[in-house]
Amino acid sequence: MTAARLPKIALEEAYEHPDKVARLLADEAALADVSDNGGVTPEFYRPVQEKLGEFGEVRLGSMAAAGIRHTILSLTAPGVQSVADPAAATAEARRQNDFLAEQVARRPDRYSGFAAIALQEPENAAAELRRAITGLGFKGVLVNGYTNIGDSEHGGYLDEPRYHPFWETLAELDVPLYLHPRPSLPGGLGLYAGHPEMKGATWGFGTETASHTVRLLLSGHFDRFPTTKLILGHLGEGLPALLWRTQHMFEDNPFGRRLGKSLPEYVADNIWITTSGNFSDHALVNAVLTVGADHILFSVDYPYSENAGAADWIERAPISELDRRKIAHGNARALFGVDLG
């Protein structure tokens, strides 16, 4: 007799608007360009695109086979963060949120949503965040790294003062922000010259997002907004393994910065991490030792990773059964109020 699947909630699960998917699949040059910008090959990205715009039998069937009872969907990277024109970005965020709300309304038992937010216009972003949470019922917001300002060469990071009104609204609404990767700004891609395989999820995504998070940690962000709930994917983007050294060297070289707590204390109080796309026993055990099982959440990174492999891994990972249940669904139920019935 086959044992029943452990119930799971997943929350780094991507979608793309079907209109864009159709355009890309019909245009090989455009697909190749998007693939290159994301650090993946067209051969990898074509079947991913086919799944990104699908919300029915394929996605739901894959979830059911893996024991994933509920998924929080979000717009795939780079999303609205890459739209250089501020007004266009704001309009696109609203369009995407309305579209996602429609998909969630069709299967509210299986789907919830993270809002897309155009930080190109911070005050409008705060208003759209409020609408998405209070009007559309979304569970939080997902931001795809830095936000382009004016063109693709320049971007703003979340610790900058221009974004304080947005963070104030986020704190008032008391919902999490999921910080998702995207490739570094063009000025930071020189390291990867001649190595396109490095600039995406293979390597560059983790270093970019970990660095973005360290900016938040060292800027005093968590002193300014102490109730912030920040979520990182891929078992913390490598940060758990480097946290001790980062704290140690910061103490020796603070450059005049003064923080209210140590970096490990901020991580313990303010940061959650997910298992998305990083199904490694060693990385999981390191994360449990660094942030604790109460702040780890199951995720897949579908369709960039497959539900079945993620489910098989978490069900056999070398952790206690109590921690397994917390990670698979308990922590997400507590953080987001998801009802599995």
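These are my notebook entries on a predicted model.

**Entry: the sheet**

I began with the strands. I found 8 strands in an open sheet, and the pairing is parallel. The order reads E1-E2-E3-E4-E7-E8-E9-E10. Which strands sit at the edges? I noted E1 and strand E10 (296-297), each of which pairs on one side only.

Next I took E1 and E2. Strand E1 (residues 8-15) runs parallel to E2, and 6 bridges join them. I looked up one partner: alanine 14 is bridged to serine 74 in E2.

Then I turned to the pairing of E2 with E3. Strand E3 (residues 111-115) pairs with E2 over 3 bridges, again in the parallel sense. Threonine 71 has tyrosine 111 in E3 as its bridge partner. Leucine 73 stands opposite glycine 113, also in E3.

I also asked how many residues of strand E2 are buried. The count is 7 of the 8 in E2 (residues 68-75), so this strand is largely enclosed by the rest of the structure.

**Entry: helices H1 and H3**

I moved on to helix packing. Two packed helices are described by the angle and the distance between their axes. So I looked up both for this pair. Helix H1 (residues 18-25) and helix H3 (residues 42-52) have axes that come within 9 Å. Their axes cross at roughly 150°. Angles over 145 degrees count as roughly antiparallel, so H1 is roughly antiparallel to H3. The crossing of H1 past H3 is left-handed.

Which residues meet here? From H1 I listed Val21, Leu24 and Leu25. From H3 I listed Arg46, Gln49 and Glu50. Sorted by class, this contact has 3 nonpolar, 1 polar and 2 charged residues.

**Entry: helices H10 and H11**

I repeated the search for a second pair. The axes of helix H10 (residues 239-252) and helix H11 (residues 263-270) come within 9 Å and cross at roughly 135°. H10 and H11 are therefore oblique to each other. Leu243, Thr246 and Gln247 of H10 make the contact with Leu263, Pro264 and Val267 of H11. I sorted the contact of H10 with H11 into 4 nonpolar, 2 polar and no charged residues.

Now the backbone. Most residues other than glycine have a negative phi, and most peptide bonds are trans. I looked for exceptions.

A cis peptide bond joins alanine 77 and proline 78, with omega about 0°. Where is proline 78? I placed it in the loop between E2 and helix H5 (86-106).

Another cis bond links tyrosine 302 to proline 303, with omega about 5°. Proline 303 is in the loop between E10 and helix H13 (307-316).

**Entry: positive phi**

Glutamate 237 lies in the loop between strand E8 (230-232) and H10.

Phenylalanine 255 is not a glycine either, and its positive phi is about 50°. I found phenylalanine 255 in the loop between H10 and H11.

Is glutamate 237 buried or exposed? Its relative accessibility is 9%, so glutamate 237 counts as buried. Is phenylalanine 255 buried or exposed? At 79% relative accessibility, phenylalanine 255 counts as exposed.

Methods: Residues are numbered from 1 along each chain as its sequence is written. This is a predicted model: local features need pLDDT of at least 70, side-chain atom pairs count only at pLDDT 80 or more; totals for chains, interfaces and linings use all residues. Side-chain values use heavy atoms; hydrogens and water are left out. Axes are lines fitted to C-alpha atoms, for helices over the stretch in contact, and angles run from 0 to 180 degrees between N-to-C directions. Helices (H or I, at least four residues) and strands (E, at least two) are DSSP runs, numbered from the N terminus. Angles under 35 degrees count as roughly parallel, over 145 as roughly antiparallel, 65 to 115 as roughly perpendicular and the rest as oblique. A crossing is left-handed if the near helix is turned anticlockwise from the far one by less than a right angle, and right-handed if clockwise. Contact means heavy atoms within 4.5 Å. Ala, Val, Leu, Ile, Met, Phe, Trp, Tyr, Cys and Pro count as nonpolar, Asp, Glu, Lys and Arg as charged, and the others, Gly among them, as polar. Buried means under 20% relative accessible area, exposed over 50%, partly exposed in between (1.4 Å probe, protein chains only). Two strands pair if DSSP finds at least two bridges between them.
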